[in-house]
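I kept each entry brief.

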2 protein chains.
Amino acid sequence: MNAPLEVWYEFASTYSYPAAMRVEAIAKGRGIDIRWKPFLLGPIFQSLGWTTSPFNLQPAKGAYMWRDLERTCAQLGLGFVRPAVFPQNGLMAARIALALPDERARGAFTRAVYTSQFAQGHDISDPALLEALLHSSGQDAGRMMAQAVSPSNKDALKENTARAQAHGVFGAPTWRTADGELFWGNDRLEDALDWHSKCA
Amino acid sequence: MNAPLEVWYEFASTYSYPAAMRVEAIAKGRGIDIRWKPFLLGPIFQSLGWTTSPFNLQPAKGAYMWRDLERTCAQLGLGFVRPAVFPQNGLMAARIALALPDERARGAFTRAVYTSQFAQGHDISDPALLEALLHSSGQDAGRMMAQAVSPSNKDALKENTARAQAHGVFGAPTWRTADGELFWGNDRLEDALDWHSKCA
């Protein structure tokens, strides 16, 4: 059995950036397949009565997060700029990620979106940007943009968000192992892989 | 120069338990002195309008935390039981920790309080328990209980809490390096020590 590790992520999530950039290569090095599981944190936060990111609701925590993210990216050799708008609207990016034909395409597009947002400071809710990212990752951009907003694909994203919540996911990134254990945060990837290796 | 690493902790904080149990030995192994900085999270949470721990306000996050803490303690070989009451009132324990004569005594008492709470499930607001822990760690328990509630010691704890907030501390444990960098969480101790070693 070679069960995949599930990568639950939200495009507006800051720590999902380093997580998404490094998971595929590290998992591959351990012979572990991954499944990209885009979902939306907005509805989960709204169910707690929050109207924005907890990093905005708690300014001290937010200030720490930006500094910590900067340090983390420097340590990993990843570019970093603080985007002008936070959190960004990652709805369309998540829909596109789900609509893509396979995990390889999802990974490439996901990394391109995070790089654009957190290494280049772009606004990932911009359809023209998303089209360009699709195009440069070798996809038929027009077709994917259309598929992304198909009723069945919109429903698939809603279902992913509901499933995340049912699994107990409350933040991103969350790693879910073959036996359903959750590990939350970029810095818990290695723990998640260790656990997954023992149970898969 | 051999500046100490500051250990900002709150007795009710769950992840402060493994953090407090391991910091002294690991820091010593690297030739780094530590300073125990007990403070209260309550006033910081209250300034955000919270009346209890965020782990109670966010049930999914709370459920994850208890499971994750159990895994973390197992990994570190630390006992763990979930206390009946959470968060506990750590006011008196924090006052005692501050009143103790030196870092060595603070460390021994701090570990004894966390072990009592999270390995044995006791209520650390109980004065009789705190007296017993003082006694078994070689202190004059009666004298320390009295010193703990002296006006100057009460003020010292208020000052620690105000200083934590001024430093940008929003949770516990928080490691503060010689150059004022913050690292939050038990699992960031090694990062904090790496940083501290470079700047101290």
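**Entry 1. H1 and H10 of chain B.** I note here that the model is predicted. H1 of chain B covers residues 16-29 and H10 of chain B covers residues 189-199. I recorded an angle of about 35 degrees for this pair, with the axes 11 Å apart. On the H1(B) side I listed Arg22(B), Val23(B), Ile26(B) and Ala27(B), which meet Leu189(B), Glu190(B) and Leu193(B) in H10(B). Sorted by class, this contact of H1(B) with H10(B) has five nonpolar, no polar and two charged residues.

**Entry 2. H7 and H8 of chain A.** I turned next to helix H7 (residues 127-136) and helix H8 (residues 141-148) of chain A, which pack at an angle of about 125 degrees. Their axes are 9 Å apart. H7(A) and H8(A) are therefore oblique to each other. I noted a right-handed crossing where H7(A) passes H8(A). Which residues of H7(A) meet H8(A)? I found Pro127(A), Leu130(A), Glu131(A), Leu134(A) and His135(A), and their partners in H8(A) are Ala141(A), Met144(A) and Met145(A). The class count for H7(A) with H8(A) is six nonpolar, one polar and one charged residues.

**Entry 3. H5 and H8 of chain A.** I then examined helix H5 (residues 91-99) of chain A, whose axis comes within 8 Å of that of H8(A) and crosses it at roughly 105 degrees. That angle makes H5(A) roughly perpendicular to H8(A). From H5(A), the contact is made by Met92(A), Arg95(A), Ile96(A) and Ala99(A). From H8(A), I listed Met144(A), Met145(A), Gln147(A) and Ala148(A). By class, I recorded six nonpolar, one polar and one charged residues for H5(A) with H8(A). I also noted that Met144(A) and Met145(A) of H8(A) take part in the contact with H7(A) and in that with H5(A).

**Entry 4. Chain B against chain A.** Finally, I looked up the interface, where 23 residues of chain B are in contact with 23 residues of chain A. How much area do chain B and chain A bury between them? I recorded about 2,100 Å², 52% of it on carbon and sulfur atoms. Of the area that chain B buries against chain A, Tyr64(B), Arg71(B) and Phe170(B) supply 29%, more than any other three residues. I noted a count of eight salt bridges between the two chains. Arg71(B) also forms a salt bridge, its side chain meeting that of Glu181(A) at 2.5 Å, N to O.

Technical notes: Residues numbered from 1 in each chain as written. Chains lettered and ligands numbered in written order. Predicted model: local features only at pLDDT ≥ 70, side-chain atom pairs only at ≥ 80, totals over all residues. Heavy atoms only, no water. Axes fitted to C-alpha atoms, helices over the stretch in contact; angles between N-to-C directions. Helix = DSSP H or I, 4+ residues; strand = E, 2+ residues; numbered from the N terminus. Parallel < 35°, antiparallel > 145°, perpendicular 65-115°, else oblique. Left-handed = near helix turned anticlockwise from the far one by under 90°. Contact = heavy atoms within 4.5 Å. Nonpolar A, V, L, I, M, F, W, Y, C, P; charged D, E, K, R; others polar. Buried area = accessible area lost by both parts, 1.4 Å probe. Salt bridge = Lys/Arg side-chain N within 4 Å of Asp/Glu carboxyl O.
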